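Welcome! Please take a moment to look over the sequence and the 3D structure below before reading on.

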Amino acid sequence: DQTALDAKLMPTEVIALRLFTGPMFMKYNASLRLYPADIFDGLKGNRYTTTIHAVVSGIIKLSKVWRLPPSRKVYRGLSGMILPQSFWKKDA
């Protein structure tokens with residue numbers, strides 16, 4: 001993919017990013033958030049430190065060469081969270 005070449009991603013970053021966007025997401029997310037408990041406990045101490053480092057490195061490199069189209073909406077999960085009132089007030 002030309003974007004990966006433009007970002008000068010290393011093969012390890014490509015693999016880590018692919019794993020992150022697939023079934024390993026649940027394990028990486030549990031490792032970072034210590035939740036959900038059943039998945040975190042199933043990691044048996046494996047925190048995937050090196051792989052998560054490669055994911056972050058790849059995302060940083062990609063962010064320097066690729067921009068979201070203005071029409072693209074990005075959603076971020078905030079299940080069960082209530083934002084503070086200060087979030088809804090315009091900055092002075």
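The report that follows starts with the whole chain and then turns to some of its helices.

This is a predicted model, in which local features need pLDDT of at least 70, side-chain atom pairs count only at pLDDT 80 or more, and totals for chains, interfaces and linings use all residues. Residues are numbered from 1 along each chain as its sequence is written, and side-chain values use heavy atoms, with hydrogens and water left out.

## The whole chain

The protein chain has 6 helices and 0 strands, where helices (H or I, at least four residues) and strands (E, at least two) are DSSP runs numbered from the N terminus. Its pattern along the sequence reads α-α-α-α-α-α. The C-alpha trace spans about 45 × 40 × 20 Å along its principal axes. The radius of gyration of the protein chain is 17 Å, whereas a compact globule of 92 residues would come near 12 Å; this radius is taken over C-alpha atoms, and the globule rule is 2.2 Å times the number of residues to the power 0.38.

Of the 92 residues, 16% are buried. Here buried means under 20% relative accessible area, exposed means over 50%, and partly exposed lies in between (1.4 Å probe, protein chains only). Contact means heavy atoms within 4.5 Å. Among contacts between residues at least 6 apart in sequence, 52% join residues at least 24 apart.

Helix H5 (residues 49-63) has 15 residues and reaches 21 Å from its first C-alpha to its last, close to the 21 Å expected at 1.5 Å a residue. That expected span is 1.5 Å times one less than the number of residues. The buried residues of H5 are Ile 52, Ala 54, Val 55 and Gly 58. They lie on the same side of H5 because they cover an arc of only 155° around the axis; the arc is that of the directions from the helix axis to the C-beta atoms.

|---|---|---|---|
| H5 | Ile 52, Ala 54, Val 55, Gly 58 | 155° | Thr 49, Thr 50, His 53 |
| H3 | Tyr 28, Ala 30, Ser 31 | 160° | Leu 32, Arg 33 |

What do the buried residues of H5 pack against? They pack against helix H2 (11-20) and helix H3 (25-33). The cover over the buried residues of H3 includes H2, helix H4 (37-42) and H5. After H3 comes Leu 34, which has a positive phi, near 60°.

The largest nonpolar core has 7 residues in all: Ala 4, Ala 7, Leu 9, Ala 16, Leu 17, Ala 54 and Val 55. H2 and H5 each supply at least two residues of this core. Such a core is a set of buried Ala, Val, Leu, Ile, Met, Phe, Trp, Tyr and Cys residues joined through side-chain atoms within 4.5 Å.

Leaving out residues up to four places away in sequence, Ala 54 touches Thr 12, Glu 13 and Ala 16. Glu 13 sits in helix H2. Is Glu 13 buried or exposed? Glu 13 counts as buried because its relative accessibility is 1%.

His 53, in helix H5, counts as exposed because its relative accessibility is 58%.
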